[in-house]
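Hi there,

Here is the structure I promised to pass on to you. Have a look at it first, and then read on for what I found in it.

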Amino acid sequence: MNFSANQITIRKPDDLHLHLRDGDMLANVIAHTTRIFSRAIVMPNLNPPITTLEQAIEYRKRIMQLIPQGISFTPLMTAYLTDDASVEVLEQGFDRGIFHAVKLYPVNVTTNSSYGVSDLKNIDSVLEMMERVGMPLLIHGEVNDPSVDIYDREAVFIDRHLSPLLTRFPGIKIVLEHITTDYAVSFVESSQQYKLASTITPHHLHINRNAMFLGGLRSDFYCLPVAKREKHRIALRKAATSGKKCFFLGTDSAPHPRDSKEASCACAGIFNAPFALESYAEVFYEENALDKLEAFASENGALFYGLPLNNEKITLIRKNVVVPYSIDICSDLGNNEKPLVPFHAGETLRWSVLD
Ligand code: NCD
Ligand code: ZN
């Protein structure tokens with residue numbers, strides 16, 4: 001790493017939590033990620049979800065075909081865990097380098113999670129295998145219990161499910177994805193006798209729960225887990241900029257067609273891919289921690305996944321960039337001609353990527 005007051009050069013980063021979608025949406029969003037990132041852990045919550053080797057191989061091919069010419073980018077595929085998941089299929093997928101991880105969505109907690117796991121007891125044999133072979137388990141850590149307040153669902157998941165799971169499978173590699181609370185930060189930090197890490201999104205570093213209600217109901221800031229109180233945002237910023245190996249970059253960029261965001265029942269998800277690195281850089285700049293950006297963005301995640309560190313470099317300069325209000329789409333999103341709205345729309349960020 002090389003850095004001065006106006007310029008910073010780091011290894012190229014990886015996005016360890018990304019929704020690339022499929023079809024026209026994939027075609028519209030992929031270049032925003034490949035502009036910056038070397039690799040990405042690609043979420044499997046398509047409809048139908050990615051559960052078989054064939055589906056993952058075909059999906060990876062569709063992604064590869066859309067990578068802009070001359071750009072090197074590796075999509076790392078994941079499997080979507082269901083109640084009746086096959087141990088053999090997942091293990092074979094991992095052995096053959098097709099599945100890099102397994103994603104656990106508790107049933108009905110978020111977008112396309114209706115095929116998710118209804119009871120962790122149903123997947124004991126899968127968890128045993130994953131612990132044995134070192135296959136990472138990526139967890140959307142929220143309970144779906146309607147009696148639990150939506151702002152408490154992450155903390156309750158940790159107490160009810162994650163903590164007992166770690167006791168039962170102490171050797172399993174786990175990423176508690178997109179953490180949103182000081183409770184999760186403390187839990188991860190104080191559980192380092194296990195192989196437990198967390199991704200942190202740019203939006204949870206920038207917004208608290210007021211953003212969804214600023215001057216009216218703002219679905220562009222609605223994602224899951226929902227942003228929490230200010231004290232949680234502060235704890236997340238401290239964790240991300242700490243340099244600790246258990247925290248790394250995962251954008252959770254989750255584009256939805258405009259009609260699905262501007263709806264009476266709007267979809268959860270923030271499309272942050274277009275300015276994701278600039279967004280993280282803003283946080284590290286504000287926290288006076290640009291020297292920790294490389295660890296968070298380009299090293300800690302790769303080390304956790306056992307991937308080689310990227311050798312290519314990327315440079316950010318201290319130059320303002322204005323985020324547009326909308327990102328034009330190049331192909332039709334199914335009768336939906338409206339552009340996509342990026343995170344930070346209309347704002348000015350202070351670090352730009354040098355082309
Ligand atoms: C994600 C999506 O849209 O696929 N939405 C979100 O709000 N983060 C799913 C997820 O990661 O929860
Ligand atoms: Zn996600």
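Before the details, one term: two residues are in contact when they have heavy atoms within 4.5 Å of each other. Please also keep in mind that this is a predicted model.

H344 sits in the loop between β12 and β13. Leaving aside residues up to four places away in sequence, H344 touches H206, S279, V323 and L349. The relative accessibility of H344 is 3%, so this histidine counts as buried.

Now for the overall picture. The protein has 11 helices and 14 strands. Its C-alpha atoms fill a box of roughly 50 × 45 × 45 Å along the principal axes. How does the radius of gyration fit a compact globule? For 355 residues, such a globule would have a value near 20 Å, and the protein agrees with its 19 Å. Of the 355 residues, 58% are buried. If you take the contacts between residues at least 6 apart in sequence, 74% of them join residues at least 24 apart.

About 14,400 Å² of the protein is accessible surface, and carbon and sulfur atoms account for 49% of that. There are 35 positive and 42 negative charges, and their mean positions lie 5 Å apart.

Next, the aromatic rings. A pair of aromatic rings is described by the distance of the centres and the angle of the planes. How many aromatic pairs does a search of the whole structure find? There are 9. One involves F221 and F343: the ring centres are 6.4 Å apart and the planes stand at 80°, so this pair is edge-to-face. The pair links distant parts of the chain, since F221 is in the loop between α7 (202-206) and α8 (230-240), while F343 is in the loop between β12 (321-322) and β13 (348-349), 122 residues apart.

F284 belongs to helix α10 (residues 276-286) and F296 to helix α11 (residues 293-305), so the pair ties together parts that are 12 residues apart in sequence. F284 is buried at 0% relative accessible area, and F296 counts as buried at 1%. Elsewhere, ring pairs link Y80, Y105 and Y115 into a cluster.

Why can α10 be called largely enclosed by the rest of the structure? Because 9 of its 11 residues are buried. The buried residues are A276, L277, E278, S279, Y280, A281, E282, V283 and F284. Just after α10, N288 takes a positive phi of about 55°.

Finally, back to the histidine. H344 and F296 are 48 residues apart in sequence, and their C-alpha atoms are 21 Å apart in space.

Conventions. Residues numbered from 1 in each chain as written. Chains lettered and ligands numbered in written order. Predicted model: local features only at pLDDT ≥ 70, side-chain atom pairs only at ≥ 80, totals over all residues. Heavy atoms only, no water. Helix = DSSP H or I, 4+ residues; strand = E, 2+ residues; numbered from the N terminus. Rg over C-alpha atoms; globule rule 2.2 N^0.38 Å. Buried < 20%, exposed > 50% of the residue type's maximum accessible area, 1.4 Å probe, protein only. Areas by Shrake-Rupley, 256 points an atom, 1.4 Å probe, with all protein chains shown as cover. Lys, Arg positive; Asp, Glu negative; His and termini not counted. Charge placed at Lys NZ, Arg CZ, Asp CG, Glu CD. Phe/Tyr/Trp six-rings, centres within 6.5 Å; stacked < 30°, edge-to-face > 60°.
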